[in-house]
Amino acid sequence: MTTIETRGLVHVYDGATRALDGVDLVIRPGERVAIVGRNGSGKSTLVRHLNGLLRPTEGAVLLDGSDIREGRVAALAARVGLVFQDPDQQIFAGSVHREVAFGARNVGRRGADLERAVAMALEAVGLDGEAGTNPYDLGYSRRKLLALASILAMETPVLILDEPTTGLDPRGIARVRRIVDELAGAGRTAIA
């Protein structure tokens with residue numbers, strides 16, 4: 001499992017906007033962590049550092065003691081999966097199945113193992129009957145669940161959900177909560 005640590009994490013956008021200012025935290029394997037704050041407080045900026053999509057202006061992000069600056073984003077994504085706040089920034093494939101299979105394939109899943117991971121992820125989010133559907137024929141809340149399925153299929157030790165329940169109805173919110181509970185029960189880390 002993976003321990004995540006930030007030490008004095010600072011992120012400055014365009015040399016002017018200081019979005020993070022000296023963040024220190026440790027997230028141990030299997031923990032459930034909620035990152036809360038107002039809009040614009042830096043939540044999304046913080047979580048994008050945890051899988052290498054953003055790199056620190058100052059300070060460090062460590063995965064199991066290794067600085068992420070030395071890691072490629074693709075390798076980091078195999079350990080820390082991130083579900084974007086806006087699914088339309090994440091989704092790109094022409095079918096639900098291809099969308100969910102993409103990340104799993106990139107972390108090495110093939111053949112029956114890939115199909116099992118895709119089927120389990122689609123079932124978990126309630127989209128198991130939509131494999132051939134174009135993602136943009138789904139409503140916003142279902143695209144949000146599709147983005148979650150694409151990361152679930154990768155079976156990363158850490159799963160980050162950026163604003164996971166925004167735009168979901170009560171049934172969708174309950175589904176996301178159940179998935180987070182199941183991840184924690186399996187010893188995986190969930191950050192929301």
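The legends below describe close-up views of a predicted model.

**View 1. Confidence along the predicted chain.** The mean pLDDT of the protein chain is 95, and 100% of its residues reach 70 or more. Among the elements of the chain, helix H4 has the highest mean pLDDT, at 98, whereas helix H2, which covers residues 73-77, has the lowest, at 91. Where pLDDT is low, predicted coordinates should not be read in detail.

**View 2. The largest nonpolar core and the elements that build it.** This core has 32 residues, and those with the most contacts inside it are Val100, Val125, Leu148, Leu152 and Leu159. Two or more residues come from each of helix H3 (96-106), helix H4 (111-125), helix H5 (140-152), strand E7 (158-161) and helix H6 (170-185). Among these contributors, H5 gives the most to the core, with seven residues.

**View 3. Asp113 and its two arginine partners.** The structure holds 13 salt bridges, and two of them are formed by Asp113, one with Arg109 and one with Arg116. Between Asp113 and Arg109 the N to O distance is 3.3 Å, while the closest N and O atoms of Asp113 and Arg116 are 2.9 Å apart. Asp113 and Arg116 are separated by about one helical turn, because they stand three residues apart in helix H4. Asp113 counts as partly exposed, at 31% relative accessibility, and Arg116 is also partly exposed, at 34%. Arg109, by contrast, has a relative accessible area of 15% and is therefore buried, the limit for that term being under 20%.

**View 4. Glu155 and the salt-bridge network.** The side chains of Glu155 and Arg116 meet in a salt bridge, with 3.1 Å from N to O. Because Glu155 lies in the loop between H5 and E7 and Arg116 lies in helix H4, this pair ties together parts that are 39 residues apart in sequence. Glu155 is partly exposed, with a relative accessible area of 31%. Through salt bridges that share partners, Arg109, Asp113, Arg116 and Glu155 are joined into one network. In general, side chains of opposite charge can pair when their charged atoms come close.

**View 5. The largest pocket and its lining.** About 420 Å³ of space lies in this pocket. Its lining is made of 20 residues, of which Ala77, Phe102, Gly103, Ile151 and Met154 lie nearest the centre of the pocket. At least two lining residues are supplied by each of H2, strand E6 (80-83), H3 and H5, and H3 gives the most to the lining, with four residues.

How values were computed
Residues are numbered from 1 along each chain as its sequence is written. This is a predicted model: local features need pLDDT of at least 70, side-chain atom pairs count only at pLDDT 80 or more; totals for chains, interfaces and linings use all residues. Side-chain values use heavy atoms; hydrogens and water are left out. A nonpolar core is a set of buried Ala, Val, Leu, Ile, Met, Phe, Trp, Tyr and Cys residues joined through side-chain atoms within 4.5 Å. Buried means under 20% relative accessible area, exposed over 50%, partly exposed in between (1.4 Å probe, protein chains only). A salt bridge is a side-chain nitrogen of Lys or Arg within 4 Å of a carboxyl oxygen of Asp or Glu. pLDDT is the predictor's confidence in each residue, from 0 to 100. On a 1 Å grid over the protein atoms alone, a cavity is a set of points where a 1.4 Å probe fits but cannot get out, and a pocket is an open set with protein on both sides within 12 Å along at least five of seven lines; lining residues have an atom within 4 Å of a point. Grid points are joined across faces, edges and corners, and a volume is the space filled by probe spheres set on the points.
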